[in-house]
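Open your viewer and keep the selection tool ready. This tour goes stop by stop, with what to select and what you will find there.

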Amino acid sequence: MIPTHVTLVEVGPRDGLQNEAQPVSAAHKVELVHRLQAAGCREIEVTSFVSPKWVPQMADNVQVMAGIRRQAGVRYSVLTPNMKGLEAALPTQPDEVVVFGAASEAFSQRNINCSIAESIDRFAPVVAAAHEAGLKVRAAVSCALGCPYQGDVSADEVERVVMLMKGIGVDHCGIADTIGVGTPRKVQLAMERALKHYPVVEVSGHFHDTYGQALANIYACLQMGVHTFDTSISGLGGCPYAKGATGNVATEDVVFMLHGMGVDTGLDLDLLVDAGAYISGVLGRPPVSRVGKALLAKRGVAVNVGVNP
Ligand code: HMG
Ligand code: MG
């Protein structure tokens, strides 16, 4: 049942950096994207077109998109929560846009300032206009395994939002554990609901690793045939509207596990470790990725202060 090939969507430049309090220059973000594509990443979530008052770190979205040297075969995606975001994003020529809703009402209000129903009303014209422009549309269903404000989130609540996304024509549905509280069986129950409405090729998992469950959760998804996951280089990230949430599962850690299982990713682990060390150096702290740290230590590189500013 385990897939022989897995696609990783690299979300480090967006999910990874959106939560950084210190400014990260557009040039550093562009360089990170270049390093990621050199390491074989074929899907990169670059930035978001959200309110700069809400997420200041993504205010340089146009600059970053303009700075990227596009590589054939790479899909560059951006977050667009409403028409204003999409209209700003379109001239920057993304290949895919992402709408992000939530399975919990409380998180929807805190993250995008509207109810779930209102969010779907806002996303519907975004999906239509993106399709008109020939773009693919992905959705994230946040807080699918638990919510920092509501607590438990049921599989029924997840399925309700999956169906709403399907109803407005979203092409791909990501099940997101924003605060990393999911455990394998619960993740499978949520995934089952997504798979009732989307083919497996259009379902993905987005697991923050706050409680150290992400690799186990990915393995649980692999057992169901799910073969697309969002990961973040060096384990960067968090959500500004989910206090205490740490980064997505580190790309390096997932690649190490998958390659160890004989699963192909098309990614070069050594180059990923370099990219992780690069951005960690920019941020002035060691990589969060366990594999990144271990492989840097094996190379004899000091990892306590970052290595490549
Ligand atoms: P709002 O305040 O309700 O929007 O924010 P509004 O339509 O009332 O407009 C208010 C102001 O925002 C206006 O400006 C608009 O022009 C501006 P003003 O007249 O006051 O100067 N505005 C915008 N500016 C730039 N881009 C836009 C935009 N829209 C309105 N697109 C809004 C609603 C959605 C914009 C706001 O709540 C927001 O920006 N939220 C961002 C939240 C966010 O980015 N969170 C992190 C990403 S989601 C995530 O990390 C989860 C994920 O990783 C999966 C997971 O882990 O769960 C995807
Ligand atoms: Mg996230």
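**Stop 1: helix 7 and helix 8**

Start with a crossing: helix 7 and helix 8 cross in a right-handed sense (right-handed if the near helix is turned clockwise from the far one by less than a right angle, left-handed if anticlockwise). Helices here (H or I, at least four residues) and strands (E, at least two) are DSSP runs, numbered from the N terminus.

Before going further, know that this is a predicted model, where local features need pLDDT of at least 70, side-chain atom pairs count only at pLDDT 80 or more, and totals for chains, interfaces and linings use all residues. Residues are numbered from 1 along each chain as its sequence is written, chains are lettered from A and ligands numbered from 1 in the order in which they are written, and side-chain values use heavy atoms, with hydrogens and water left out.

Select residues 155–167 for helix 7 and 184–195 for helix 8. Their axes come within 9 Å and cross at roughly 30 degrees. Axes are lines fitted to C-alpha atoms, for helices over the stretch in contact, and angles run from 0 to 180 degrees between N-to-C directions. Helix 7 is therefore roughly parallel to helix 8 (angles under 35 degrees count as roughly parallel, over 145 as roughly antiparallel, 65 to 115 as roughly perpendicular and the rest as oblique).

Now show side chains. On helix 7, Ala155, Asp156, Val158, Glu159 and Val162 make the contact; on helix 8, Leu189, Ala190, Arg193 and Ala194 do. Contact means heavy atoms within 4.5 Å. By class, this contact of helix 7 with helix 8 has six nonpolar, no polar and three charged residues. Ala, Val, Leu, Ile, Met, Phe, Trp, Tyr, Cys and Pro count as nonpolar, Asp, Glu, Lys and Arg as charged, and the others, Gly among them, as polar.

**Stop 2: helix 8 and helix 9**

Pick out Pro184, Val187, Gln188 and Met191 of helix 8, which meet Ala216, Asn217, Ala220 and Cys221 of helix 9. This contact of helix 8 with helix 9 has six nonpolar, two polar and no charged residues.

**Stop 3: helix 10 and helix 11**

Select 251–260 (helix 10) and 269–283 (helix 11). The axes come within 10 Å and cross at roughly 165 degrees. Helix 10 is therefore roughly antiparallel to helix 11. This crossing is left-handed. Thr251, Glu252, Val255 and Phe256 of helix 10 touch Leu269, Leu272, Val273 and Gly276 of helix 11.

**Stop 4: Gly237**

Go to the loop between strand 8 (228–231) and helix 10, and select Gly237. Its C-alpha atom is 6.2 Å from that of Asn248, eleven residues apart along the chain. Leaving aside neighbours within four places in sequence, Gly237 contacts Asp15, Gly16, Asn19, Ala245, Thr246 and Gly247.

**Stop 5: ligand 1**

Which residues are closest to ligand 1? Gln18, Asn82, Asn113, Ser142 and Thr178 are, among the 27 residues that surround ligand 1 (one heavy atom within 4 Å). An N or O atom of Lys53 is 3.2 Å from an oxygen atom of ligand 1. One of Asn111 is 2.9 Å from a nitrogen atom of ligand 1. A polar side-chain atom of His208 lies 3.0 Å from an oxygen atom of ligand 1.

Note on methods:
Polar contact = N/O pair within 3.5 Å; in protein donor to acceptor, adjacent residues only side chain to side chain.
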